[in-house]
Structures are given as C-alpha cells and as structure tokens.
Amino acid sequence: MTACKAPVLVVGAGPSGITAALTLARNNVPVRIIEKETQHRRGQRGAGIQPRTFEVFHFLRAPEIHERATPVLPIQRHSKGSLEPLQTFSMIDYMEPTPAIPYSNMKLMGQSTLEAIMREHLAKLGCTVELGTRLISFSQDGKCVRAKVVKHRGDDGEEVEDDIEAAYLISADGAKGITRKQLELTFLGTTREDDFLVLGDIRLEAERLDRAYWHIFGHMSHDLITLRPTDELGKDGWRFVMSSRTMNLEGLIRDEEALVNCIKDFVGLGDDFKVKEVMWTSEFRPNMRMVNKFGVGRIFVAGDAAHVHSPAGGQGLNSSVQDAFNIAWKIALVYKGFSPVSLLDTYTAERLPVIAEMLGYTTEMHKVMFDGSGVEQTPQSAADDDGNSKGANSDLEPRLRRANNMYMLGVNYRSSPIVVDEFAPVPVAPVVAHGAYGEVEEGVVRAGDRAPDAPELVSVVSLNRPPPHLISSASQSVVSLPSEMVGSTRMFDIFGSTHHTAIIFAPALAVSAVQSILMTLQQIVPQELVKRVVVLPGSTSEPDNRLETSSGVDQAIDVEVLIDHAGHAYRGYIVDLQEMKVVVVRPDGVVGAVVRGVTGLERYIEGVFGKKRSILALEDAVQS
C-alpha cells in the first residue's frame with residue numbers, strides 16, 4: 001500500500017468509534033469522526049463496564065470513567081403488586097482489588113455519560129464529532145479510501161453531499177450500518193424472534209421503591225420488568241427493561257400512554273407507582289451474529305458493525321471498545337510509517353477467536369436467562385397466572401448469575417502471529433488449545449495475556465541526572481537508591497496507548513545482558529515507540545544504599561530504573577529474583593513478548609515493526 005497522509009475516518013460516535021478516534025488522536029494521527037444522528041445519543045443502553053475495559057480507559061488516560069461509575073446493586077425479586085422482597089441476591093461476586101488487578105469488578109455507567117466523558121478527552125486533542133453526517137458509499141484502492149457522505153444542514157432538513165478522502169476507514173456504525181454490507185462480509189447467526197425486549201429511561205414517583213436495589217417484578221415465563229435506579233438521570237431516575245411471554249410488546253414505544261400503562265401493570269403497585277416522565281425508549285430483539293473477517297484493505301469494522309449478541313453477560317460495549325483499541329494502535333503505527341501494513345491483518349487474527357467464543361458464551365447465557373436451559377426446575381420456581389413465583393425460592397438467581405470470566409481479564413491473544421513467548425511450556429500431545437476467553441490463571445503470564453499491574457515501584461535516583469534516566473559511560477557509574485517511597489509509580493501508569501513498554505527484569509544493573517538489550521532497542525526502534533524500563537528486585541541495594549551499573553556503553557541510554565521493593569512486579573510477572581526476563585507490553589496492555597534476551601526481543605520487534613532496520617532508516621521512512 002502507498003502511504004496516504006489524509007486523516008483516518010471513523011464512522012459512528014458510539015463507544016467503539018470514540019475509542020478508535022481517541023486512540024488515534026493520542027498517537028498524533030489526524031482523525032475525523034462522523035455520526036449520522038444530529039444530536040448526541042441519549043439513553044443508558046448497555047451500562048455494564050467490565051474490569052478489562054476499565055484498563056483500556058486507564059491506558060487512554062480517562063480514569064474518571066471508573067471513578068464515576070457505580071457498583072452493581074443487589075437484586076430484589078418481588079411478586080407483581082408487592083414490595084415485599086421474595087429474594088435478595090447478587091448477580092456477580094465481589095472481588096477485592098489486588099496489586100495485579102486493580103479494576104476487579106464490573107461497574108455501571110450509562111452510555112450517554114460514558115460517551116460525553118470520552119468526547120471531552122477527544123476535544124482536548126482537537127477532534128470533535130461531526131454530527132448529522134451520514135456515510136452513503138465508499139471506494140478504496142492502494143492509496144486511500146474515498147467516502148461519500150451526506151451532511152444535514154440547518155433545521156429545514158437540507159442535506160448536502162460531500163466527499164472525504166481518508167487513509168483508513170474504521171466503521172463503528174452499528175449492525176445496520178452500510179460498511180459491512182458494501183464490503184460483502186458475511187454476518188451469519190440466529191435471531192431470537194420470541195425474546196423481544198423493551199427498555200428505556202424513566203422518572204418515577206415511587207417513594208417506597210428502595211434505590212439501594214435493582215428490582216425485578218414478575219417471572220421470566222410470564223411478564224417481567226426490571227427497574228434499576230441511576231442518579232445519572234436524576235434522583236428519581238430509573239432504567240427499565242420489560243419482556244413478556246403473554247403479550248406482544250412490539251410497537252409499544254411508539255405509544256407513550258400505552259407504554260406507561262404497561263409499565264404500571266407489570267409492576268402492579270397501583271397509585272403508589274407513577275411514571276413522571278419517559279426520557280428515552282428503545283426495543284430490541286436479540287441477534288447472535290458475527291462477520292467472517294474484520295476488514296478488507298483499508299477499511300475495518302468494529303463493535304456492532306462486526307458482531308451482535310445477547311445483552312446477557314454485559315459484553316457488548318466492552319468487546320466493542322476492545323475491538324477499536326486493537327485496530328487503532330496498529331493503524332497509528334502503520335500510518336506513521338513505523339510498521340508494515342501486514343500488522344493490520346492481525347486485527348482479524350486476534351479479535352475473531354475472541355468474538356467467536358464470546359458469542360458462544362453469551363448465547364448460552366441467553367438460553368439460561370430466557371429459557372431456563374440448564375436450570376433445575378422445582379415446584380417452588382413455577383409461576384402462577386399473574387407471573388408470580390409460587391414459592392419463596394425461584395430459578396431467577398441461577399438465570400442471572402454471571403461467571404467471573406465475563407470480567408474479560410482472561411481474554412487473550414495467545415494464538416496471535418505476532419506474539420513471542422520463549423517461556424511457554426513445550427506442548428505435550430494431546431494438545432488442548434487455550435481458549436481466547438479463558439480465566440485468569442494464577443501464576444501464569446504468557447505472551448498474548450493481559451499485562452498485570454504492579455504498584456509501589458520506586459524510581460532509582462541517578463547521581464548524574466534525575467529519574468527516570470540512567471547514564472552509563474565507559475567507566476562504572478554509581479547510582480543512589482531512595483531511602484523512602486517517594487515518587488513511586490505503577491505499571492499501569494507506565495503503559496499507554498502511544499507506546500510499547502519493554503520491561504527488563506534483572507537481578508542487577510551490572511549485568512551485560514541488560515546493556516545488550518538496551519543497546520539493541522536503541523539501534524532498531526525509536527525511543528518514542530518503546531519505553532525502556534529496568535525492574536530490579538527489592539533486595540538490590542547495597543548496605544550503603546548505593547548501586548553500581550556496568551561499564552561498556554559509551555552513550556546516554558534513556559531508561560527508567562525501578563526497584564520492586566514490595567515485590568508486586570516480580571510476583572505478578574512470575575520472575576525469580578535471580579532470573580533475567582524481558583516482557584514487552586503492547587499499547588493495548590497485552591503482553592506481546594516474554595523472552596530471555598536480545599534474540600527473542602528482535603523477533604518480536606520484527607513482527608510488529610518489520611524487518612530489522614536502523615533508527616536512521618526508520619526516521620527517513622517517516623520523513624519521506
């Protein structure tokens with residue numbers, strides 16, 4: 001492909017589209033993001049944010065998303081017409097944060113709030129969403145993408161056609177968007193015709209409805225409504241979801257009076273329950289479908305444009321964000337001339353197995369939730385003619401309980417063609433493939449896994465210059481160690497969407513392999529692309545709190561040297577104190593390589609950045 005310096009075009013300004021645009025903008029890649037709607041979207045929609053996605057937002061430097069998101073409330077089940085709780089249970093198990101997993105629980109934030117926060121970050125980087133701009137067709141060749149759009153002008157509905165030239169196009173325009181269809185990607189799967197849902201945001205006057213709980217009235221086999229309080233809509237705001245096996249809910253959202261009456265009837269509390277305002281509504285029939293590949297040439301699909309599935313498990317928004325993050329950092333490297341275009345092929349190679357497994361999981365959860373598949377049916381779990389359980393016990397809890405793999409911390413790219421692992425055990429027949437949607441394995445970090453966090457890392461203070469720099473010269477230099485934990489950092493604050501991080505675990509700085517690795521990086525990849533970090537065990541310092549570096553490097557090497565006093569890094573990355581190990585973490589927080597030294601490191605660098613070239617050659621390629 002010929003290099004093109006036109007902006008990257010992102011179509012669709014939902015979570016996946018804004019994630020792609022924000023990642024590109026943080027990498028100083030020009031980007032335009034268009035949205036067919038004339039106003040920013042309203043509605044809670046899919047509000048569940050999983051721990052793995054909070055990590056993405058951390059790497060994109062948007063920590064307030066986790067801070068403002070709210071915990072998942074316990075569920076209270078009621079009979080229709082009663083506020084007496086029949087059952088109280090948690091849909092997920094609470095997990096204590098650990099040094100390796102700081103974001104350990106799902107939390108809730110409406111998509112309208114999430115998108116607004118992300119747009120603010122995007123605007124700070126000089127990019128705003130172009131509302132009222134709809135993609136109608138496109139073409140591409142080896143040089144660029146040519147997109148034809150229609151722009152909405154003014155209140156009179158006038159529309160004007162325009163042409164946009166783009167280096168690449170990322171389609172995040174949803175399941176009904178045109179990109180997937182024009183690319184002729186398959187979208188095979190099934191539709192659950194009978195599992196029709198109505199959902200929306202409302203304001204209620206219901207003083208006795210406790211806002212400390214997520215309430216469910218009725219039964220899955222009859223009429224059911226869920227009510228979740230959310231202060232994002234106000235102190236009287238609630239998100240509702242309705243389903244029915246006894247009546248047809250289609251078209252209900254187009255008749256507000258009928259909708260309000262139906263909500264009141266499903267709850268059954270009479271005058272004690274008043275709908276003050278219907279703020280937003282939608283209807284939904286679950287589809288389980290996915291594409292056969294995630295892109296063609298310079299055009300890629302992400303999120304609902306690539307896969308749709310049941311809302312069971314809260315994976316939709318999360319998998320969409322992770323799609324966008326995966327392709328955007330790769331496009332950034334190719335766009336700037338640092339990586340070959342073949343890197344973009346790994347988007348399909350990495351995401352397709354993940355989405356296929358996710359689709360299988362969520363489809364099974366949907367069957368359990370709606371059909372009771374695999375749930376033991378007891379006389380106490382049956383429903384009467386009003387949809388109420390006949391006993392205190394109910395099959396609702398097993399229908400709604402979620403496994404911890406839905407936190408997505410075990411999602412991995414171990415089968416990716418670009419990851420390198422010199423520490424992986426030799427397979428023994430019969431080989432059992434590790435799932436792309438696996439659980440987090442205690443004491444295991446493989447290339448392709450998520451990179452663990454590690455807090456309480458203390459910077460070494462050089463006598464020659466302040467941290468994070470270390471200067472080595474032809475003679476030995478002496479480095480002093482801090483006597484207290486001042487200026488400590490964590491791995492997640494070192495990682496970022498703009499660079500790889502090469503973590504060199506070594507028993508001491510005065511190890512020739514450390515200098516060899518640093519010199520190799522210095523020669524074949526620009527400093528801005530790979531941040532160099534040396535992590536020493538907490539027992540490194542001498543009695544006088546001083547440390548010697550090795551000799552033999554006649555130039556300054558920009559590297560951050562950290563002491564792992566608390567041992568979190570060595571434990572998290574499974575490193576023995578006297579062991580030499582290099583872990584390369586990608587911009588998306590995935591372990592790209594686990595290697596012993598220069599040879600393995602060069603293999604990984606070549607896979608991502610192309611065949612070995614000098615720094616001067618890379619810089620010339622970028623400037624030309």
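Let's start with a charge over a ring: the charged end of Arg 298 sits over Tyr 168, 5.0 Å from the ring centre. The rule here is NZ of Lys or CZ of Arg within 6 Å of the ring centre and within 35 degrees of the ring normal. Arg 211 lies over the face of Trp 238, at 5.2 Å from the ring centre.

A word on the source. This is a predicted model, where local features need pLDDT of at least 70, side-chain atom pairs count only at pLDDT 80 or more, and totals for chains, interfaces and linings use all residues. Residues are numbered from 1 along each chain as its sequence is written, and side-chain values use heavy atoms, with hydrogens and water left out.

Now ring pairs. Rings of Phe, Tyr and Trp (its six-membered ring) pair if their centres lie within 6.5 Å; planes under 30 degrees apart are stacked, over 60 edge-to-face, the rest tilted. The count is nine aromatic pairs. One of them is Phe 54 with Tyr 103, tilted, 6.1 Å centre to centre, with 40° between the planes. Phe 54 lies in helix H2 (residues 51-59) and Tyr 103 in the loop between strands S6 (85-89) and S7 (107-108), so the pair ties together parts 49 residues apart in sequence. Helices (H or I, at least four residues) and strands (E, at least two) are DSSP runs, numbered from the N terminus. Buried or exposed, Phe 54? Buried, at 2% relative accessible area. Tyr 103 is buried too, at 9%. The cut-offs: buried is under 20% relative accessible area, exposed over 50%, partly exposed in between (1.4 Å probe, protein chains only).

Next, Phe 294 and Tyr 347. This pair is edge-to-face, 5.3 Å centre to centre, 80° between the planes. Phe 294 is in the loop between strands S19 (287-291) and S20 (295-296), and Tyr 347 is in helix H8 (residues 346-371), 53 residues apart. Both Phe 294 and Tyr 347 are buried. Ring pairs also link Phe 59, Phe 492 and Phe 495 into a cluster.

On to the backbone. Most residues other than glycine have a negative phi. Asn 28 has a positive phi of about 60°. Asn 28 is in the loop between helix H1 (15-26) and strand S2 (31-35), and is exposed, with a relative accessible area of 68%. Glu 184 also has a positive phi, near 60°. Glu 184 is in the loop between helix H5 (179-182) and strand S13 (187-191). At 70% relative accessibility, Glu 184 counts as exposed.
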